[in-house]
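Biologist: I have a structure open and would like to learn how to read its features. Could you walk me through them?

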Amino acid sequence: MMLRGLWKLTWIEIKIFLREPLGAFGTIGFPVLIFLAWGRVASRRLAPSSLAASSFIRVDIPVFASLLIAISAVLSLVTIISIYREGGILKRLRATPLRPQTILTAHVLVKLMLTAASLALMVLAGKRYYPVGVHVPLFSFTIALLISTWSILSIGFLIASIVPTARFAQPIGAMILYPMIAVSGLFFPVEFLPPVLHAVARLLPLTYAVALLQGIWNGDPWSAHLGDVAGLVLVFVVCAALSAKVFRWE
């Protein structure tokens with residue numbers, strides 16, 4: 001019964017999400033367009049023989065686009081939860097026979113499904129317009145992206161738990177999440193950061209997400225990234241525990 005209710009609510013949330021074309025494009029289409037546009041510019045302007053250029057084009061751009069997919073899902077989640085709370089929808093849902101965990105899990109499942117769909121579009125578009133490599137372990141990379149998204153979603157839930165109104169939900173989420181990319185090790189190694197920023201980077205989930213995604217994209221075994229997976233799981237556990245204590249249904 002609980003699983004039936006979960007899938008029904010998940011399907012309803014997907015249909016509601018797709019009724020808003022702008023939100024759907026921002027979550028699904030925008031990261032794919034960034035991936036294609038940046039990839040075309042980089043492949044034309046950077047020397048193909050350069051090792052750094054090759055790494056940037058074939059690894060960093062796909063990973064950056066994947067992070068955009070994850071963060072877009074998080075910002076969408078923060079906004080939806082805030083709107084539902086402000087409109088009294090969360091309060092009404094809580095009054096139904098569905099458990100609170102089921103209601104929140106449905107939102108997480110929607111975001112994970114949209115993340116997988118966005119990644120599939122990125123790969124298909126990349127094969128057609130921008131060859132990113134034919135030996136990428138796509139199944140493992142998808143699992144790595146879903147793990148990363150799940151961990152980052154927990155931050156989204158924590159933000160949604162304390163953000164005052166829907167008007168400020170997405171800006172606050174963006175102010176927290178996007179600066180993390182700068183110190184995540186995507187554009188330059190974490191070891192090159194000043195000591196303070198280096199310590200901060202080691203506390204951020206995006207640092208572990210970047211290391212995991214880059215490694216899996218390059219074909220590294222999962223055993224080489226157990227620390228990154230553990231870091232992402234730890235972030236999820238901490239944020240989920242905090243969210244459970246401070247989450248407001250109304």
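Biologist: Which backbone oxygen does the side chain of S154 reach?

Modeller: First, the ground rules. This is a predicted model, where local features need pLDDT of at least 70, side-chain atom pairs count only at pLDDT 80 or more, and totals for chains, interfaces and linings use all residues. Residues are numbered from 1 along each chain as its sequence is written, and side-chain values use heavy atoms, with hydrogens and water left out. Now to your question: the S154 side chain reaches the backbone oxygen of S151, at 2.4 Å.

Biologist: Is S154 buried or exposed?

Modeller: Relative accessible area decides that: under 20% is buried, over 50% exposed, and in between partly exposed (1.4 Å probe, protein chains only). S154 has 4%, so it is buried.

Biologist: In which helix does S154 lie, and what is it in contact with?

Modeller: Helices are DSSP runs of H or I, at least four residues, numbered from the N terminus. S154 lies in helix α6, residues 138–162. Contact means heavy atoms within 4.5 Å. Setting aside neighbours within four places in sequence, S154 touches V235, F236, C239, A240 and S243.

Biologist: How do the axes of α6 and α9 cross?

Modeller: Axes are lines fitted to C-alpha atoms, for helices over the stretch in contact, with angles from 0 to 180 degrees between N-to-C directions. Those of α6 and α9 (residues 205–217) come within 9 Å and cross at roughly 175 degrees. Angles over 145 degrees count as roughly antiparallel, so α6 is roughly antiparallel to α9. Among the residues making the contact are A144, L145 and S148 of α6 and A209, L212 and L213 of α9.

Biologist: How many aromatic pairs does a search of the whole structure find?

Modeller: Rings of Phe, Tyr and Trp (its six-membered ring) pair if their centres lie within 6.5 Å; planes under 30 degrees apart are stacked, over 60 edge-to-face, and the rest tilted. The search finds two pairs. In one, F141 and W217 have ring centres 4.7 Å apart and planes at 75 degrees, so the pair is edge-to-face. F141 sits in helix α6 and W217 in helix α9, so parts 76 residues apart in sequence are tied together. Both F141 and W217 are buried.

Biologist: And what are the values for W150 and F236?

Modeller: Their ring centres are 5.6 Å apart with planes at 50 degrees, so that pair is tilted. W150 in α6 and F236 in helix α10 (residues 226–246) are 86 residues apart. W150, at 34% relative accessibility, is partly exposed, and F236, at 28%, is also partly exposed.

Terms used:
Helix = DSSP H or I, 4+ residues; strand = E, 2+ residues; numbered from the N terminus. Polar contact = N/O pair within 3.5 Å; in protein donor to acceptor, adjacent residues only side chain to side chain. Parallel < 35°, antiparallel > 145°, perpendicular 65-115°, else oblique.
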